[in-house]
Every structure is written in structure tokens, then in C-alpha cells.
Amino acid sequence: MDPNSVKSTLSNLAFENVMAAAARDYKKEMLAQEKAQSSTSVNQEVDLDELMDHPELEKLHADRITALKKEAEKREALKRQGHGEYREISEGDFLGEVTGSEKVVCHFYHKEFYRCKIMDKHLKALASKHLDTKFIKLDAEGLQ
């Protein structure tokens, strides 16, 4: 057997394998493009006006509006109870403030401590973000 004919046979086989792989890749690309085009054409055929008048969508919309109204009412009720702000209370008010809400953060502070001033700054920022929790402070120096 001639070595040149063996080389040419092997290179022909390799070329055929490369061509077959390229053909498979091209076929996969074409199928993916067809699938993408068919899905966009299906999406374009949907009538949006008909969809907007669908009773289930109207029910979901009404349910969501009801939930938002309840949430707003709850938020207003919590604000009336002192939630959403960081304020100082007296020792006599402590029990009423703490038992009147489900979640309460109380900072027992001392006027002379620098770290208490830092804590005040952070609790004030948290109070406006977490309406479900009441944030209060009590002067620990005056407690008996």
C-alpha cells in the first residue's frame, strides 16, 4: 500500500467527519430558528383586548386591590399606635407601650454615652423602614 494513498484516504475520512458534524450543527440551528419563529407567531396571534376582559384576570385584579387596601389600613392603624417613628417614653408609659404592640424594640439609653447616640441614629433609620415594629427609647439613668 502506498503511504500517500493511506494519507489521502485518512484525510478524506476526517474531512467527511467534519462535514457531517457541520451538517448536524446547521440542522440544529435551523430547527432552533424555526421553533423561535413559531413561538413568536403564536404570541402575536393573542388578542390583547380579549385577554384584558377575561373574568379571571378581573378577579385577580380585584383581589389584589382588596389586599392593597387592607395593607394600607393596617399600616395606618400601626402608625396611630406609634409605629414608624422612634420616640422617647417615660417609665410610667413603658408597660402600656410594650404590651400594646406585637413587636417592640426598646432602647434603654444614657444621655452621656456616645454609643447610645450612635444606636439612636440607627434605630431612627430602622423605625421608618419597619412599620410592623414599634421603636421606643427610655432614659435608663432615671429608672428606679
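Author: A residue is termed buried under 20% relative accessible area, exposed over 50% and partly exposed in between, with a 1.4 Å probe and protein chains only. The model is predicted, so that local features need pLDDT of at least 70 and side-chain atom pairs pLDDT 80 or more, while totals for chains, interfaces and linings use all residues. Residues are numbered from 1 along each chain as its sequence is written, and side-chain values use heavy atoms, leaving out hydrogens and water.

Reader: Why is Met52 called exposed?

Author: Met52 has 54% relative accessibility, and the limit for exposed is over 50%; Met52 therefore counts as exposed.

Reader: Why is His83 called buried?

Author: The relative accessible area of His83 is 3%, against a limit of under 20%; His83 is therefore buried. His83 is found in the loop between α3 (55–80) and β1 (86–89).

Reader: What makes the approach of the His83 side chain to the backbone nitrogen of Lys134 a polar contact?

Author: A polar contact is a pair of N or O atoms within 3.5 Å; within protein, one must be able to donate a hydrogen and the other to accept it, and residues adjacent in sequence count only if both atoms are side-chain atoms. A polar atom of the His83 side chain lies 3.4 Å from the backbone nitrogen of Lys134. The side chain of His83 also reaches the backbone oxygen of Thr133, at 3.5 Å.

Reader: Which residues beyond four places in sequence are in contact with His83?

Author: With contact meaning heavy atoms within 4.5 Å, they include Leu78, Ser101, Leu131 and Asp132.

Conventions: Helix = DSSP H or I, 4+ residues; strand = E, 2+ residues; numbered from the N terminus.
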